[in-house]
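Open the model in your viewer and keep the selection tool at hand. The stops follow in order.

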Amino acid sequence: MMESRRREARCISDLGLDRLVGGELGPAEECEMLGHAGGCEACRARLDAIRADQRSFAEKQAPFVLPRRTGDRRRAMMLGLAPILAAAACLILLFGRRALGPVPVPAPLPTKGGRALEFYVLRHGEVSAGNEQMSIHPGDAVEFVFSSQRPGYLAILSVDGAGRANVYFPAGADRAAAFQEGLGQPVPVSTILDDTLGDERIYALQCDTAIVLEPIRAALAGGPDGLPPIAGCVTHTLRYRKEKP
Amino acid sequence: MPALRPEEIEDAYRRHGHGVLRRARRLLGNEHDATETLHEVFIDLLEHPQQFGKRSSLVTWLYAATTHRCLNRLRNGRTRARLVERHAPAHEASPAGKVESMLELRRLLGSVSEEMAQACVYHYVDELTQDEIAAVMGCSRRHVGHLLERLRARMCGEVGRP
């Protein structure tokens, strides 16, 4: 396995060397880099190491793992890339795209327009990323993570299957809590779900100020139509279904 | 721009896969996750070849795709570990033997915006120049400079915290 290095400012970065080894550079750029590497012991050693790594990788034909999901169990096929490509092409031709099954891809990093509110479920010691299609059970532990490009104030409320509205976060507080910018920040409260079955709606309010929460909770409890727009806040929602196991 | 054909992706896997694996190992700190990341990057490219529009170099694009995947894994891993620890502390032990500075870096990556996390990886892990970071991130060098300034300010704030 290759070690990392501390690079001198005048030396070539790994990106430059990767492009050189990968044959992506034009003649002038390639000549310039090779010229530098010829006179720089550190870059020459790094170039040799990257070339050796590339050869080793190609010779071993590192197995290509195609992960799939069957229910909650994950399995993987260890195969070479060429058979995968051939099989994939055949399956697509024969059965259409769905025949391959879903390839699990991690949820995209929340960016502008991306998903700000996500949740994770702990059941029997196993944690899985939550999604709106999955069935949640009483006794499951749920934790929310929130992503924001800017600091502000956050509150999370829920309406359970019986129509009861609660403030999840900040628990027991009158107003929304300050929240920093960042990706996938844990909301510092997790909940073990009670026995109330049915659709549960979650509302995350991302606000410019520490809004008062009781009128919002009361509005949610008073009607099934969701939450009306709130000045100075962006509302992120998700919904999951709580069922008996 | 025409999308990559399957045989071009296979060639790219053999030609550039080592670089994806090397960077994923460095960012994630374990071989299993790094190998899965390698495969996810290329499976995703296989399924959505149009995402690499041949507007940048493929190596540059793979740097960005690998960073994106690794940041996602770091974030999911932290959340999983935290939830298990909170409700079932006996199930998993935290892995030992990691380099402290990389642990600190991984922790920092989860507490900043996506853009800053990417800039952090390219600057502190890959040690790219600001021009190179701009090329990988598809933004101006000036913007990269601003991101790194904000990142340094954030890191100074973290150090000052009890």
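**Stop 1: a strand pair in chain A**

Select residues 152–159 of chain A, strand β7, together with residues 165–169 of chain A, strand β8: the two pair in the antiparallel sense over four bridges. Pairing requires at least two DSSP bridges between the strands. Strands here are DSSP runs of E with at least two residues, helices are runs of H or I with at least four, and both are numbered from the N terminus.

This is a predicted model: local features need pLDDT of at least 70 and side-chain atom pairs count only at pLDDT 80 or more, while totals for chains, interfaces and linings use all residues. Residues are numbered from 1 along each chain as its sequence is written, and chains are lettered from A and ligands numbered from 1 in the order in which they are written.

Now pick Leu157(A). Opposite it, in β8(A), stands Val167(A). Next, follow the turn. β7(A) and β8(A) form a hairpin with five residues between them. Click Gly163(A) in that turn: its phi is positive, about 85°.

**Stop 2: chain B**

Switch to chain B. What does it hold, helices or strands? It has seven helices and zero strands. Of its 162 residues, 42% are buried (20 or more other C-beta atoms within 10 Å of the residue's own, with C-beta atoms placed from the backbone).

**Stop 3: Gly53(B)**

Select the loop between α2 (31–47) and α3 (58–87) of chain B; Gly53(B) is there. Gly53(B) and Ala3(B) are 50 residues apart in sequence, and 6.2 Å separates them in space, C-alpha to C-alpha.

Notes. A residue is buried if 20 or more other C-beta atoms lie within 10 Å of its own, exposed if 12 or fewer, and partly exposed in between; C-beta atoms are placed from the backbone.
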